Amino acid sequence: SGIQSVNLYYCVGMTGRYTRTTMFDDGLHGDGAAGDGTYGASIPPTPAQVRVRCYVEAIANNAAKSARYDPPGAEHDVYTYMAVHPTMLQPSVRINEVMAWNVNTVTDNFGDPDDWIEFHNLTGQPVDLSGHWLSDRGTELQMWLFPGGSIIQPNGYMIIWADEDLDQGDGHANFRLSFDGEEVWLTNPQGIVMDHVIFGVQVQDMGFARVPNGTGPFLIQAPTFAADNGQGNGVLEIDDADTLVVYPNPATDSFIIRSTEPTDIVIHDALARQLWAGRVSGNTSIDVANWGAGSYFIRHAGGVRQLVVIR
């Protein structure tokens, strides 16, 4: 019977009521040419890092005014999208290392073993971060303002303590890091993101660092406080027992877990996403050809071992 009308329903956020707006096929609403069967409508601008839900309703031009929905099952099964912050493609400064579980490594100027964030100047010129912003929330980028005089020397490093101790000096941010995983944002005064790091569950007294230094993906390794990350130890073994052996490590296409007794293990990546789980006994080969380069963690009742995959 043809179409009587088409409606777009949208809701900003993962809870709340939907707003309905009419869709048009008039060539004036981003719908291409008038009368071509393509309908368009606009959703108002939304804050970055906030998810928007939406679905489409088409009403037939018949007596029953029957309706069809895209996707089927709306409004419970819907499309979603998230607006993102504008991001700098080639920043001069990168978040280079994060320590989110500091117990016995380094201490701040008051002798406290607090969490810290390391920044690295990738250029041969001084970079002034005064007026830039640091945050651990994508919905609130302007959390902590770099004070005047925050200059990173050519190819140098800067440490900011994430300890909520603002009374301890300029290098102390107003938020802490969680070793269960979160994120860190570096933003310039114009609101453009210079760098953004997401990390998962961390390991005590181990750094989450870019390898190669300043440019590579993040790995969990021995911390390299205010220094080149290539000096760290990329192979972590936290296991006092000899009942579990992992080799070769680093691995490329596969590795072998040798266990002297039946052992339940779980393997997850640096973002705490589970990739493999099961019971091993004797020699068990695990294929990693489709895994990306980086650090992976083999957890069992006796401890944790780190596996490094290289490409």
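**View 1. A salt bridge between R94 and D195.** In this predicted model, R94 pairs with D195 through a salt bridge (a side-chain nitrogen of Lys or Arg within 4 Å of a carboxyl oxygen of Asp or Glu), and their closest N and O atoms are 3.0 Å apart. R94 lies in strand β6 and D195 in strand β15, so the pair ties together parts that are 101 residues apart in sequence. Helices (H or I, at least four residues) and strands (E, at least two) are DSSP runs, numbered from the N terminus. R94 is buried at 19% relative accessible area, and D195 is buried too, at 6%; buried means under 20%, exposed over 50% and partly exposed in between (1.4 Å probe, protein chains only). Residues are numbered from 1 along each chain as its sequence is written, and side-chain values use heavy atoms, leaving out hydrogens and water. Because the model is predicted, local features need pLDDT of at least 70 and side-chain atom pairs count only at pLDDT 80 or more, while totals for chains, interfaces and linings use all residues.

**View 2. A salt bridge between D264 and R279.** Here the closest N and O atoms are 2.9 Å apart. D264 sits in strand β20 (residues 254-269) and R279 in strand β21 (residues 274-287), 15 residues apart. D264 is partly exposed at 46% relative accessibility, whereas R279 is exposed at 57%.

**View 3. The open sheet around β6.** Six strands line up in the order β13-β12-β7-β6-β16-β17, with mixed pairing; two strands pair if DSSP finds at least two bridges between them. β13 (172-173) and β17 (218-221) are at the edges with a single partner strand each, so one side of each has no neighbour in the sheet. Strands β6 (residues 93-99) and β16 (residues 207-210) run antiparallel and are joined by two bridges. Look for E97, whose bridge partner in β16 is A209.

**View 4. The largest nonpolar core.** This core, a set of buried Ala, Val, Leu, Ile, Met, Phe, Trp, Tyr and Cys residues joined through side-chain atoms within 4.5 Å, has 32 residues. Elements giving two or more residues to the core include β6, β7 (115-121) and β12 (157-162).

View 5. Where pLDDT is low, the predicted coordinates should not be read in detail.
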